[in-house]
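Me: I have a two-chain model open and would like to talk through how the chains meet. Could you take me through it, one contact at a time?

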Amino acid sequence: MKITNRELMRTAGLAALHLSEEEMEGARSDLEKMLDLAEGMHSIDTKDCASFDIPPLPVSALREDVVQNGSGKAAALKNAPYANEDGFIVPKTIAME
Amino acid sequence: MKDYKDLSARSLGQRIQEGTVDAVEAAKDALAAIEEAEEKLHAFLHILPRDVILARAGEVQARVERKELTSPLAGVPFAVKDNLCVAGVPTTCGSRMLSNYIPSYTSTAVQKLLDAGAILIGKTNMDEFAMGSSTETSYFGPSKNPFDPSRTPGGSSGGSAVSVAAGFVPFSLGTDTGGSVRQPASFCGLVGWKPSYGLISRNGLIAYASSMDVVGTFTKDPGDALMLMSMLAGKDPKDSTSLDFRFVSDTKKPEAKGLRIGIPTDLLQAGVDPAIRKLLYKCADRWREAGASVTELELGHSGALIPAYYTIACAEASSNLERYDGVKYGYRADQYAGLSDLYKKSRSQGFGAEVRRRILIGTFVLSREYYDAYYRKALQVRRLIAGAFEAAFRSFDFLLTPVAPGTAPLLGEYEKDPVGQYASDLFTVGANLTGGTAVSFPVGLSDGGLPVGLQLIGAPGRDRAILRFLEENLPIGHELPIHPYPCII
């Protein structure tokens, strides 16, 4: 399968990755190779076949949505590249006219 | 201790309990072994400070002497793959993205070992975010195979394999999403146990592909893996996918006599080193002589294993790794123009080439236009693959396969064609796709002096059965452990 420049840039955008001009050909080639590899699945008839998302577990993985961790705010902020005592610091995203 | 490097975890633990060896002495032996060969092999990304290790060993020794600690792991040194969190200890996942990350909590698997009195020595090298088969995608450089330092130890848990094969520690933890414990165990002459999905808690494991990730072990023999199973397995309230230990409570010891073992010939049609094929059939003969029935079968859908695995693994990786945005933790780019550019630059500079490659593939197969054609298709094919394994396990107790098509490749081999190399995972990904268990075990050395491993695969929950069978029936032409030491000293 051939990937167009538009598809490649769109995918990179969705993945929040920057692709330089030099990286584009390599990325395209890798993606096309992987999709060619995936062609191995397309000859298999999967009509009416259910998806297999996760190995079946003998118990339910669902539980009540109860907070158990307590407040770990200070510990969580410790690993942030930029933070103050209230939260993470991010660049301003709304400009004033 | 003269024989520290050869000891299993059980033997060392027993000596400590008997009082013939001191936990501090064992820790000093571990540090001496590391001092001797780590520079050549690069097993570790972080070694705990000597005074911290010795102080902890001293505390454990005192508790053993007071009879407060009777665990067979009390005082036994161990190492942990660097994608398992340990509070206060750097946990990088082999990535620039997490090069400054220090977790505030300890993963359940590691905590259980610490509670048992085991002595953490350090965090081991790995392919970045567990994506790779050689440790060469590690941001911090590759580990080297103790049997031949010009070769890879395998991956992604390569550092953990090296730490045991080189005699630094008697056992270590790794993780296995598509073969990342079994393949390095095979390349380094060790027993690598990939547990059934859910058997060991993943709380504190940095996620790669959540429907397949498991925590596994590297040991010198199957008996140590059995002991670690009893320590590590069990339900954890912090991991809702974890299972009760009763899931593996086979009480009957599997005898070779009457055991049905299948060799999936369609898997073997892919290129396999003739020497490995020969050892596989030799192993089959050995088990036949012991009374097992070893016959061939056609598994079915073998050509779809790699496409389905990589489609699903990349999709899950793309989703799991969205969290790395340069804001909450991890690497942040120095220069950017606005929030969107901050995300893109931080991720592009923080992730290495293989991680970016898999994120792109995963994002593509999850995109609206291609979701049905690739991702949903892979999930449906996964159902058929699971059906093929279930059918096989109705007729066979275990399946016998190679672990990898060859022995450990030279460093640099994988880099030539990264996507092409995905095919070398053919024998290992089946157990991950289906949630079953599999154990890689050593069967000897190739003509070139490199370890060769084979694999037994079992249905989910047959972990104990496989390990107990191997404990009695390891068809090895050498005594364990296989010694790499002449190569590294």
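Reply: Let me start with one pair: B:Arg357 forms a salt bridge with A:Asp30, the closest N and O atoms being 2.6 Å apart, where a salt bridge is a side-chain nitrogen of Lys or Arg within 4 Å of a carboxyl oxygen of Asp or Glu. This is a predicted model, in which local features need pLDDT of at least 70 and side-chain atom pairs count only at pLDDT 80 or more, while totals for chains, interfaces and linings use all residues. Residues are numbered from 1 along each chain as its sequence is written, chains are lettered from A and ligands numbered from 1 in the order in which they are written, and side-chain values use heavy atoms, with hydrogens and water left out.

Me: Which residues in H2(A) and H12(B) meet?

Reply: From H2(A), residues 21-38 of chain A, the contact includes A:Asp30, A:Leu31 and A:Met34, and from H12(B) it includes B:Arg357, B:Leu360 and B:Phe364, contact meaning heavy atoms within 4.5 Å. The residues of this contact divide into eight nonpolar, no polar and four charged, with Ala, Val, Leu, Ile, Met, Phe, Trp, Tyr, Cys and Pro counted as nonpolar, Asp, Glu, Lys and Arg as charged, and the others, Gly among them, as polar. Helices (H or I, at least four residues) and strands (E, at least two) are DSSP runs, numbered from the N terminus.

Me: At what angle do H2(A) and H12(B) pack?

Reply: The angle is about 60 degrees, with the axes 10 Å apart; axes are lines fitted to C-alpha atoms, for helices over the stretch in contact, and angles run from 0 to 180 degrees between N-to-C directions. H2(A) and H12(B) are therefore oblique to each other, since angles under 35 degrees count as roughly parallel, over 145 as roughly antiparallel, 65 to 115 as roughly perpendicular and the rest as oblique.

Me: And what does H2(A) meet in H10(B)?

Reply: A:Met34, A:Leu37 and A:Ala38 in H2(A) meet B:Ile306, B:Pro307, B:Tyr310 and B:Thr311, a contact with six nonpolar, one polar and no charged residues. The axes of H2(A) and H10(B), residues 305-320 of chain B, are 8 Å apart at an angle of about 130 degrees, and the two helices are therefore oblique to each other.

Me: How about H1(A) and H2(A), at what angle do they cross?

Reply: They cross at roughly 95 degrees, their axes coming within 11 Å, and that makes H1(A) roughly perpendicular to H2(A). A:Asn5, A:Leu8 and A:Met9 of H1(A) make the contact with A:Met24, A:Ala27, A:Arg28 and A:Leu31 of H2(A).

Me: Back to the whole interface: what area is buried between chain B and chain A?

Reply: About 5000 Å², of which carbon and sulfur atoms give 68%, buried area being the accessible area (1.4 Å probe) that two parts lose on being put together, summed over both. In chain B, B:Leu360, B:Phe364 and B:Tyr374 lose the most area to chain A, together 13% of what that side buries. The contact takes 66 residues from chain B and 53 residues from chain A.

Me: Changing topic, which residue forms a salt bridge with B:Asp82?

Reply: B:Lys123 does, with the closest N and O atoms 3.0 Å apart. The pair links distant parts of the chain, 41 residues apart, with B:Asp82 in the loop between strand S2 (77-81) and helix H4 (108-115) and B:Lys123 in strand S3 (residues 119-124) of chain B.
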